[in-house]
Every structure is written in C-alpha cells, then in structure tokens.
Amino acid sequence: MSQSETARVTIDTKRVISEISPLLFSGFAEHLGRCIYEGIYDPASPQADEYGLRADVLAALRELNLRAMRYPGGNFVSGYRWEDGIGPKDQRPRRREMAWQSIETNQFGTDEFIRFCREIGTEPMLAVNLGTGTIQDAANLVEYCNAQTGSHYADLRAANGSASPYAVKYWCLGNEMDGIWQIGHLDAVDYAKKASEAAKLMRLQDKSIELVLCGSSSSKMPTYPDWDRIGLEICWDLVQYHSMHYYADNSDDDTGSYLALSAELEDYVDTVAAVLRTVKAKRRSKHEVYLSWDEWNVWYKAREATDLRGGWKEAPPLLEEVYNLEDALVVATWLNVFLRRADVLKIACIAQIVNVIAPILTTSDKLLKQSIYYPLLMFSQMARGNSLDLLVEAPRYETKKFGDMPLLDVSSAHDAEAGAHSLFIVNRSLSEPTPLEIRWQDIKPTRVRTAQQLAGPDPAAFNSWEQPNRLTTRPIDKPEIVDGVARLSLPPLSFTALGVEL
C-alpha cells in the first residue's frame with residue numbers, strides 16, 4: 001500500500017486476546033526529587049488538605065483512575081528503613097538518602113501512603129527492601145500492614161492510628177537487583193535465594209498476598225534474559241508476577257523510528273513471555289506467573305548525571321522531564337502494546353506520577369498536565385472488557401531503526417456486558433493524513449458515542465505554564481457508521497480514541 005491509500009481495520013469481537021487487567025493502568029511514586037515532597041505531600045502549599053496532601057494532585061490522579069500505586073521505590077527502597085517513616089512525625093529521623101543523594105525527612109511514610117491511596121481510590125503496591133534490608137524487615141512490614149492487632153507490629157499500626165489492617169495485596173520483592181547501581185546489588189542466584197526466603201516469611205504473615213519478582217532492569221542489561229530465567233527457576237511457585245522495566249528515548253532525534261518503538265517493546269514482552277513458558281515447562285508446573293511492567297515511561301531529556309543527584313537537599317528538583325507530542329504518541333503506542341499483550345501482561349505502572357518523569361508537574365500552588373497525561377487518561381477511562389486481535393491493513397513507511405513499519409498502530413477493547421467497544425489509533429505519519437475505514441464483521445454497531453483526538457503539526461510541541469492546553473485530547477466529529485463501516489481521516493502525528501455503542 002502507498003501512503004495515500006486507505007487503511008483498514010477489521011474487527012471481529014470473537015477474536016479475543018484476553019481479558020484486560022485493570023491493573024495495566026497503574027502508577028509509581030518514589031521518594032525521589034519532588035514526587036512525594038512538593039508533589040503528593042506539601043503541607044506548605046495553599047492546595048494542601050488537612051493531611052498535607054495536595055488536593056489538586058489528588059483530583060488529577062482521581063481523573064486518571066490509576067488502579068494500583070507502587071511505592072516507595074525504585075532505587076530508593078534498597079536503602080530504606082521503613083520504620084523511620086511511622087510514628088510521631090517530630091520523632092522521625094532525618095537521613096541521608098543514598099540512592100539519589102538527598103535528605104529524607106521521613107514525614108511521609110507507610111501510613112501517609114495508605115491514606116493517599118484511599119483518597120484516590122487505588123490499591124497500594126508496596127516494595128520491600130532486599131538491598132540493605134533483611135527478610136525479617138520485609139515480614140515485619142507485612143505484619144504492620146496486614147495483621148490483626150494482638151502482635152507487636154500490628155499493635156504499633158493501631159497505636160499510629162489504624163486499628164484495622166491495611167490489607168495490602170501486592171508486594172514487590174526488591175527493585176532492579178540486577179543493576180550494579182542498586183544498593184545491595186546481588187547476582188541472579190543470590191537475589192533469587194534471598195527473594196525466595198523473603199517470600200516464604202512474608203507469606204507466613206499473610207498467605208493471601210501476591211508477589212512480584214525482580215526481572216531484568218531493561219532488555220539492554222548484559223545479564224538479560226538469563227537473570228529472568230534464573231530468578232524464575234528458583235522462585236516460580238512463590239510469586240505471581242515477574243517485573244519488567246523500560247524507559248524510551250529519542251536521543252537520536254529520529255522521530256520516525258521513535259514512533260515505531262512498539263516493535264522493540266513487543267519484542268521485549270515476547271522474550272520475557274518465552275522465558276515464562278520455558279520455566280513453567282521445565283518445572284512441569286501448573287502455576288502461572290504473569291508480567292508486571294512496573295516501571296515504564298519516556299525518559300531521556302532529564303538524564304544527565306547532574307539530574308540524578310540531589311546535593312543532599314530536601315526534595316531537590318530531579319528528573320523533571322518535559323513531554324512533547326511525539327512522547328505522547330509513544331506513550332499511546334505503548335498502551336496499545338499493553339492491550340495487544342494482555343494475555344501475559346497484567347500490571348503496568350507509569351513511572352512516575354508527579355514531577356519526576358511524570359504526567360503532572362506542580363509549583364507550590366499550580367498544576368500542569370503534560371502531553372502524556374491524555375493518552376493515559378483515554379485508555380484508563382475506555383479500555384474495558386476484552387482485548388481484541390484486529391486485522392490492520394495500513395500503508396508502510398521506512399524507519400532507520402526498525403525497517404519497514406505500518407503507519408498505524410491500533411488496539412481495541414470490547415466490553416460485551418456494557419455493550420461498548422473502544423478503538424485506540426496512532427497515526428505515525430509525519431506530514432500526511434491517513435484515510436481509515438473501520439469495519440465490524442460479527443456485530444452491527446449503533447453509533448460512535450465519543451471521539452477524542454490528540455494531534456498537532458510539531459512533534460516537539462509541549463504544554464507549558466504559559467500554554468497549558470496546547471496539547472490535550474479534544475472532541476472531533478464523530479464518524480457515521482453505515483452498514484457496519486465507519487470512515488474518517490486521521491491527521492498526521494495523531495492519537496485517536498473512539499468509543500462505539502453496540
């Protein structure tokens with residue numbers, strides 16, 4: 001097909017990939033830069049509520065409807081003493097935080113985090129310290145959060161204001177332990193042995209918890225994917241999820257290849273999924289382990305050495321990436337990948353949520369929604385039910401990094417119970433509109449109920465404090481459906497979300 005030809009998407013709602021896990025739309029909050037302090041928690045702000053939480057940040061996060069929140073790190077967790085962050089605030093120690101070389105005041109800790117999660121209606125997902133921490137420290141935190149009163153740490157929680165258990169279900173067994181940058185770095189075997197013993201002890205505290213094993217920090221690690229295989233072979237029966245981390249970049253200033261990054265993302269998923277199948281077969285196991293992509297985002301503009309070290313200050317401004325249109329389109333294609341691989345991918349946490357490589361930026365009294373906020377919002381609101389296997393016929397274009405790629409990147413969700421269908425479409429064309437025909441084979445849709453689009457002529461355009469609404473999703477004319485077919489023209493550099501009534 002030439003770029004001027006009409007693209008076609010053919011839909012059969014019986015071609016189900018998998019049910020879409022709501023946890024694919026989750027977040028990550030780390031004690032890093034201004035994510036916690038001056039982001040989520042800022043008692044000095046005029047936006048602060050009675051607990052010091054930013055009301056405007058809470059409102060924006062409620063709108064995103066993130067289903068789970070990973071905390072407190074990240075690299076931070078591998079040196080974190082969780083007991084520093086509980087009890088009377090005037091008795092909490094100030095510490096040198098080694099991962100980001102900042103001062104940690106410990107004014108925000110486990111109890112404040114649980115309150116924050118309840119305020120925005122999200123499930124807490126706690127990581128335990130398997131760097132400097134012991135397996136006993138990890139088990140003690142499970143007791144503090146989940147045990148009924150009548151024992152030391154459960155009674156300590158009650159004394160700190162919550163007699164009822166927090167019932168934290170999701171727990172991460174450390175963070176990026178394959179990385180030499182990680183405090184307490186371990187090789188694959190030593191990590192897996194420590195993780196397995198931590199898992200057993202944590203489960204003795206609460207057998208209902210679900211555990212995430214550390215996978216490779218990225219597909220570029222020299223130990224990938226052997227690290228994943230070794231850890232899974234030792235810990236398979238003890239965990240429910242295996243983590244993936246990846247940060248995208250356009251450091252080569254090659255927009256065409258950057259927008260085609262889904263090729264690399266899908267290859268990463270396929271490789272680790274193959275490791276899961278291999279280990280399951282080798283162990284002759286009926287137990288399932290799924291993928292948790294619990295750190296993902298675009299991150300490269302704020303990645304110099306000076307952006308990673310806090311100079312031993314409180315809440316230094318670190319990693320405050322400014323996101324543009326092409327970044328938002330990459331985020332949208334990433335979310336398309338999540339739906340297309342919903343069979344094996346069950347958790348995904350955008351890293352992070354406020355100020356630090358985040359969809360939201362704050363000053364002391366204002367909030368800015370960055371370009372990447374909007375595709376995440378569309379998917380979180382509309383991706384329900386089952387992910388569908390689509391037939392996509394689109395014009396092709398040549399990329400330096402991935403060769404021949406389709407102009408369109410598409411995913412779809414079908415909620416039979418609600419009688420709703422959603423389509424998410426990225427047009428990678430840099431300059432020309434792409435005509436599109438959408439055809440439903442097995443059902444007759446009634447109408448396009450909603451049509452939203454994020455688009456612009458300049459891939460480097462971004463939202464600023466002066467122009468906060470330069471890049472947002474906006475309503476477009478809803479295409480008519482005639483005899484099960486809808487037709488529309490997709491502008492270049494665009495993301496389109498369609499909600500269809502069946």
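Visitor: Which element gives the largest share of the lining of the largest pocket?
Guide: That's E10, which supplies three residues. Elements here are DSSP runs numbered from the N terminus, helices being H or I of at least four residues and strands E of at least two. Keep in mind that this is a predicted model, where local features need pLDDT of at least 70 and side-chain atom pairs 80 or more, while totals for chains, interfaces and linings use all residues. Numbering starts from 1 along each chain as its sequence is written, and side-chain values use heavy atoms, leaving out hydrogens and water.

Visitor: OK, how much space lies in that largest pocket?
Guide: About 560 Å³. On a 1 Å grid over the protein atoms alone, a pocket is an open set of points with protein on both sides within 12 Å along at least five of seven lines, a cavity is a set where a 1.4 Å probe fits but cannot get out, and lining residues have an atom within 4 Å of a point. Points join across faces, edges and corners, and the volume is what probe spheres set on them fill.

Visitor: What lines the largest cavity?
Guide: His31, Leu32, Gly33, Tyr37, Phe76, Glu97, Ser102, Ile103, Glu104, Ala315 and Pro316. Strand E6 (residues 102-104) brings the largest share, three residues. That lining has six nonpolar, three polar and two charged residues.

Visitor: Now the fold. In what order do the strands close into a barrel?
Guide: Eight of them go E3-E4-E7-E8-E9-E10-E11-E12, with parallel pairing (two strands pair if DSSP finds at least two bridges between them). Neighbouring strands of this sheet are turned by 30 degrees against each other on average, direction ignored.

Visitor: So what joins E10 to E11?
Guide: Seven bridges link E10 (residues 241-248) with E11 (residues 290-298), running parallel. Alanine 248 has valine 298 in E11 as its bridge partner.

Visitor: Which strands does helix H2 touch?
Guide: H2 (residues 110-120) packs on the sheet against E4 (68-71) and E7 (123-128), at about 160 degrees to the direction of E4. Helix H3 (residues 135-146) also packs there, touching E7 and E8 (170-173), and makes about 170 degrees with E8. Contact means heavy atoms within 4.5 Å; axes are lines fitted to C-alpha atoms, for helices over the stretch in contact, with angles from 0 to 180 degrees between N-to-C directions.

Visitor: Last one: at what angle do H1 and H10 cross?
Guide: Roughly 50 degrees, with the axes of H1 (residues 55-64) and H10 (residues 373-382) coming within 8 Å. Ala60, Glu63 and Leu64 of H1 meet Tyr373, Leu376, Leu377, Ser380 and Gln381 of H10. The residues of that contact divide into five nonpolar, two polar and one charged.

Notes:
Ala, Val, Leu, Ile, Met, Phe, Trp, Tyr, Cys and Pro count as nonpolar, Asp, Glu, Lys and Arg as charged, and the others, Gly among them, as polar.
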